Amino acid sequence: PVTFTGHTMIDFATPGAKEKIQIAIKEGVNAASAALNKQRRSVRLSPSSLGEECAAATWYRWRWAMKPQPLDGRMARYNSKGDPEEEIVADLLRRSGWTIHTKDPATGQQFSVSDLSGHLYGKVDGLASHPEHTKGSQILFENKYVNTRRFIALTTKPLIEVDPKYYGQTVLYLLYLDLPAAMFFVGNRNDGDIEPILIPRDDGYARSLIKKGETVAQAIIRPARIAENPTHFKCKMCDYISICHFGAAVDINCRACVHAFPVENGQWKCGKWNAIIPNREAMEAACSEFTPIK
């Protein structure tokens, strides 16, 4: 037998000693999870954000009106749970006869789209083809993992009704990449169920979202909100209700300042100083001439 010596025993005799260690372990793991999934404000407009029903909410996010709300450790782990599952799904589709490209073979990078002078940008989960089902043509592959409640909603009702953001993102990708359809693959995080949903092009709706993006990108004053009454159920669930309806102060940064505006190559310029804002750090910091957007 192997004998270990020189070890100090863990204190299980003192009341609460074991529980204290257990709590410390959990708090440490939660803190590490939150640190690994720290929320950052997006520099560019995403296709999904244009699918939001409220242009005001899209604009406030675009203009960095609020600091991103940090995730606790549990939610950080929950949100990242689908990442390995999505790779498993892609592999299983390949084994069932599909060709799935999650990266562009020519560049080794994720497929992406860009518009509005570089201010609209989004990454695509992949492209898919099948000799029988798609006749060799490529279609868009979007892979989402959700909880049971969301899974039931997404697989029993039209996507545009259940989640306009997902639908908007999908039809924009189809238009920009000139693809005939999308396989919107939904997985249930809780019980492993899956459901592929085929979505055809909707160029009219996609172009309306591009127009919305142009309006949001250039607006100095808040665009029309979804409702004028703050008791509207979608307003009550919105992160920006305190700013939009009750006049709370916006966060202090260049993006939330009336002097800043987007220019070519995805950059921002300060009209006060007539200069390009050089980087994220400078944008986050703002200056003494900060004048908040309304």
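Tutor: Begin with residue classes: Ala, Val, Leu, Ile, Met, Phe, Trp, Tyr, Cys and Pro count as nonpolar, Asp, Glu, Lys and Arg as charged, and the others, Gly among them, as polar. Keep in mind that this is a predicted model.

Student: How do the residues that line the largest cavity divide by class?

Tutor: The lining divides into eight nonpolar residues, one polar and two charged. Its members are Cys-254, Cys-257, His-259, Ala-260, Cys-270, Lys-272, Ile-277, Ala-286, Cys-287, Glu-289 and Phe-290. The volume of this largest cavity is about 80 Å³, and the structure holds one cavity of 30 Å³ or more.

Student: What is the volume of the second largest pocket, and which residues line it?

Tutor: The volume is about 190 Å³. The lining consists of Ala-34, Asn-37, Lys-38, Gln-39, Arg-40, Pro-68, Pro-70 and Leu-71. By class, that gives four nonpolar, two polar and two charged residues.

Student: Before the details, what does the chain look like overall?

Tutor: The secondary structure comes to twelve helices and ten strands. The C-alpha trace spans about 75 × 60 × 45 Å along its principal axes. Of the 294 residues, 39% count as buried. Among contacts between residues at least 6 apart in sequence, 66% join residues at least 24 apart.

Student: What describes a pair of aromatic rings?

Tutor: Such a pair is described by the distance of the centres and the angle of the planes. In this chain the count comes to five aromatic pairs. In one of them, the rings of Trp-62 and Trp-268 have their centres 5.1 Å apart and their planes at 45°. Planes under 30 degrees apart count as stacked and over 60 as edge-to-face, with the rest tilted, so the pair of Trp-62 and Trp-268 is tilted.

Student: Where in the chain do Trp-62 and Trp-268 lie?

Tutor: Trp-62 is in helix H3 (residues 55–62) and Trp-268 is in strand S9 (residues 268–270). They are 206 residues apart, and the pair links distant parts of the chain.

Student: Are Trp-62 and Trp-268 buried or exposed?

Tutor: Buried means under 20% relative accessible area. Trp-62 is at 2% relative accessibility, so it counts as buried. Trp-268 is at 1% and therefore counts as buried too.

Student: How is the pair of Tyr-166 and Phe-184 arranged?

Tutor: The pair of Tyr-166 and Phe-184 is tilted, with 5.5 Å centre to centre and 55° between the planes. Tyr-166 belongs to helix H8 (residues 164–177) and Phe-184 to strand S6 (residues 181–188), 18 residues apart. Phe-184 is buried, with a relative accessible area of 0%.

Student: Which residues do ring pairs link into a cluster?

Tutor: The cluster is made of Trp-59, Tyr-60 and Tyr-240.

Student: Which ring does the charged end of Arg-255 sit over?

Tutor: The ring is that of Trp-62, and the charged end of Arg-255 is 4.6 Å from its centre. There is another case at Tyr-121: Arg-44 lies over its face, at 4.0 Å from the ring centre.

Student: Helix H3 has come up already. Why is H3 described as largely enclosed by the rest of the structure?

Tutor: Seven of its eight residues are buried, and this is why H3 is called largely enclosed. The buried ones are Ala-55, Ala-56, Ala-57, Thr-58, Trp-59, Tyr-60 and Trp-62. They pack against H2, helix H9 (203–218), helix H11 (241–244), strand S8 (260–262) and S9. H3 is followed by Trp-64, whose phi is positive, near 55°.

Key
Residues numbered from 1 in each chain as written. Predicted model: local features only at pLDDT ≥ 70, side-chain atom pairs only at ≥ 80, totals over all residues. Heavy atoms only, no water. 1 Å grid on protein atoms, 1.4 Å probe; cavity = no way out; pocket = protein on both sides within 12 Å on 5 of 7 lines; lining within 4 Å. Points joined across faces, edges and corners; volume = space filled by probe spheres on them. Phe/Tyr/Trp six-rings, centres within 6.5 Å; stacked < 30°, edge-to-face > 60°. Helix = DSSP H or I, 4+ residues; strand = E, 2+ residues; numbered from the N terminus. Buried < 20%, exposed > 50% of the residue type's maximum accessible area, 1.4 Å probe, protein only. Lys NZ or Arg CZ within 6 Å of the ring centre and 35° of its normal. Contact = heavy atoms within 4.5 Å.
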